[in-house]
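Student: I'm new to this one, and I'd like to learn how to read it. Could you take me through it feature by feature?

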Amino acid sequence: MGMAPATVITIFVRHSDGCKYTGDEFSRRCDCRKHLRWTHNGKQHRRKASTRSWAQAEEVKRHLIDQLSGKEPTLKHAGRDIRSAVDLFIASKEVQNLTADLITKYRLWLGRLTSYCDGQDVYTLNGISGEVVIGFMASWEQLYPSTLTRQKLRERYKSFMRFCGEQDWLTKLPPWPTILPDDVGGAPTMPLETGEYERLLDAVFVVVKAPQDAVIANQTYEYWTKRVHGFFQLMRWSGLSIMDALTLRRSELFKHDGHYRVVTQRTKTGTDVSVVLPPDVAEELLALPNDNSTYFFWSGMGSKKSICGNWGKRFIVPCFNAAGIKCGGHMRSHRLRDTFAVEMLNAGSPLEDVSKALGHKSIRVTEKSYGPWVKGRQTRLDEQVMKAWGTPTKKRSRPCPVRSA
C-alpha cells in the first residue's frame with residue numbers, strides 16, 4: 001500500500017490591531033502571528049504556528065506534512081491523527097459496556113495526552129515517540145501524587161496505544177517507562193483492631209454535625225449520626241467499597257431464608273456481590289432516614305464520585321481523626337473493607353470465598369492484598385520452618401565463642 005496523499009496546508013496571518021496589512025491574510029511582510037489550516041480525514045483543522053516568522057511557519061508546515069502523510073507504507077491508515085484515534089477508542093469502550101464513570105475518565109486522560117501532543121506539534125500517532133511519552137509522564141507527579149495511581153494510569157495509556165497497534169495504525173508502540181512504587185514492597189493491609197472500631201463508632205456522636213444546608217431542611221443531629229453510624233456498620237460487616245456502600249439501594253438489602261442479605265453489583269468491576277449481614281446491622285440500616293426512598297445514603301443527585309468526596313471530607317476523615325486511628329497512607333474507609341476481609345480469613349475462610357465476597361474479578365487481586373493474612377497458609381509455613389530446625393537433640397546453632405581479653 002502506498003503512502004497517503006499529501007495534505008495541503010495553508011499558512012495564514014491573523015493580524016494584530018493596527019497592522020497596516022490587515023485584510024491580507026497571506027502577507028509575509030508583517031510580524032503578526034502565523035497560523036496553519038488544513039483538511040485531514042474529512043475534518044478541518046486550524047492551529048497556531050507559534051511564530052511570527054513566515055520562514056519558521058514554513059518549517060512547521062513541512063514538519064506537519066511529514067506527520068500527516070505518513071512514512072510507513074505498511075500502515076492501513078498512514079498518518080492517523082490522535083483525536084480521531086481517541087474517538088474510536090472511546091467508542092470501543094462504550095461497546096464493551098464500561099461504566100459511564102470510567103468512560104468519562106478515559107476522555108479526561110486521553111484529552112490530556114492530546115493536549116500535550118498539540119503543545120509539542122504532534123498531531124498523529126506516528127509522532128508519539130518515546131521522547132514525547134517521557135515528557136508527558138514527567139508532568140504526572142503534580143497531578144497524581146500516588147505512585148499507585150500513576151502505575152494504573154500508565155496501563156490505561158498503554159491500552160490505548162495497543163488498541164492503535166491492533167488497528168494497524170502503528171507498526172511500533174512507543175515505550176512507557178516503568179513507575180516503581182514509593183515502597184517497592186508495598187504497604188501491608190491494615191484492618192482495624194477491635195478497640196479502634198469501637199472508638200470510631202463512638203466518635204460519630206462527638207464530631208458529626210448536621211451540615212448547614214441540611215439544617216434548613218430540618219435534618220437534625222440525630223438524623224446524621226444515625227446515617228454515619230449505619231454507614232460504618234455497613235462497610236465493616238459487608239466489605240463493600242465506599243462508593244458501593246454509599247449508593248446501595250434499599251431493594252438490595254432483604255431477608256431470605258431467615259438471613260438478611262446484601263445483593264448488589266460492584267461499580268468498579270461490574271461483578272456480583274452477595275453477602276449476609278448480622279441481623280442488628282441490617283435492622284439498623286433498614287431504619288435509617290433518607291429523603292430519597294430508593295437509597296440508604298445517596299440523594300440520587302450528582303455523581304457517585306461526588307458523594308464519596310463529600311462524605312470523606314465531612315464525616316469519614318473527622319471521625320477517624322477523632323478516634324485517633326492512624327492510617328499511614330491507607331485510604332481510611334478502605335480499612336473497614338480490610339477488616340471485613342481479614343476477619344473472614346482469620347475465621348478460616350478460603351481465599352477464594354473472600355475474593356467472591358469482596359467482588360474481586362480475579363483471586364490474584366485478593367491474594368496480593370490479603371495473602372499474608374491467610375491463616376492456614378501461615379500455619380503451614382511456620383510448621384515447615386520449625387521442621388527444618390531438626391529434632392530437639394540435634395545441635396541447631398553454634399554458640400558464640402567466649403574470648404578472653
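Tutor: Let's start with a pair: aspartate 244 and arginine 266 are both buried. Buried means under 20% relative accessible area, exposed means over 50%, and partly exposed is in between (1.4 Å probe, protein chains only). Bear in mind that this is a predicted model: local features need pLDDT of at least 70, side-chain atom pairs count only at pLDDT 80 or more, and totals for chains, interfaces and linings use all residues. Residues are numbered from 1 along each chain as its sequence is written, and side-chain values use heavy atoms, with hydrogens and water left out.

Student: What do aspartate 244 and arginine 266 form, and how far apart are the closest N and O atoms?

Tutor: They form a salt bridge, with the closest N and O atoms 3.3 Å apart. The term means a side-chain nitrogen of Lys or Arg within 4 Å of a carboxyl oxygen of Asp or Glu.

Student: Where do the two partners lie?

Tutor: Aspartate 244 is in helix α10 (residues 242-246) and arginine 266 in the loop between β5 (259-265) and β6 (272-277), so the pair ties together parts that are 22 residues apart in sequence. Helices (H or I, at least four residues) and strands (E, at least two) are DSSP runs, numbered from the N terminus.

Student: How many salt bridges does a search of the whole structure find?

Tutor: Seven. One of them joins glutamate 25 to arginine 37, with 2.9 Å between the closest N and O atoms. Glutamate 25 sits in the loop between β1 (9-14) and β2 (33-40) and arginine 37 in strand β2, so this pair ties together parts twelve residues apart in sequence. Glutamate 25 is partly exposed at 29% relative accessibility, and arginine 37 is partly exposed at 21%.

Student: What about arginine 107 and glutamate 94?

Tutor: That is a salt bridge as well, and its closest N and O atoms are 3.1 Å apart. It links distant parts of the chain, 13 residues apart: arginine 107 in helix α3 (residues 100-119) and glutamate 94 in helix α2 (residues 82-95). Arginine 107 is partly exposed, at 45%, and glutamate 94 is partly exposed too, at 43%.

Student: Is arginine 154 buried or exposed?

Tutor: Arginine 154 counts as buried because its relative accessibility is 12%. It is found in helix α6 (residues 147-166). Contact means heavy atoms within 4.5 Å. Leaving aside neighbours within four places in sequence, arginine 154 is in contact with Met137, Trp140, Trp176, Pro177, Thr178 and Ile179.

Student: And how do I read a surface patch?

Tutor: Patches are made of residues with over 30% relative accessible area and no salt bridge; like charges are joined within 9 Å, and nonpolar side chains (Val, Leu, Ile, Met, Phe, Trp, Tyr) within 5 Å. Here Val385, Met386 and Trp389 make a nonpolar patch of about 310 Å². Tryptophan 389 is in the segment after α16 (375-388). Accessible areas come from the Shrake-Rupley method with a 1.4 Å probe; for residues, only the protein chains shown count as cover.

Student: Which secondary structure does the protein have in total, and what share of its residues is buried?

Tutor: The protein has 16 helices and six strands, and 41% of its 405 residues are buried.
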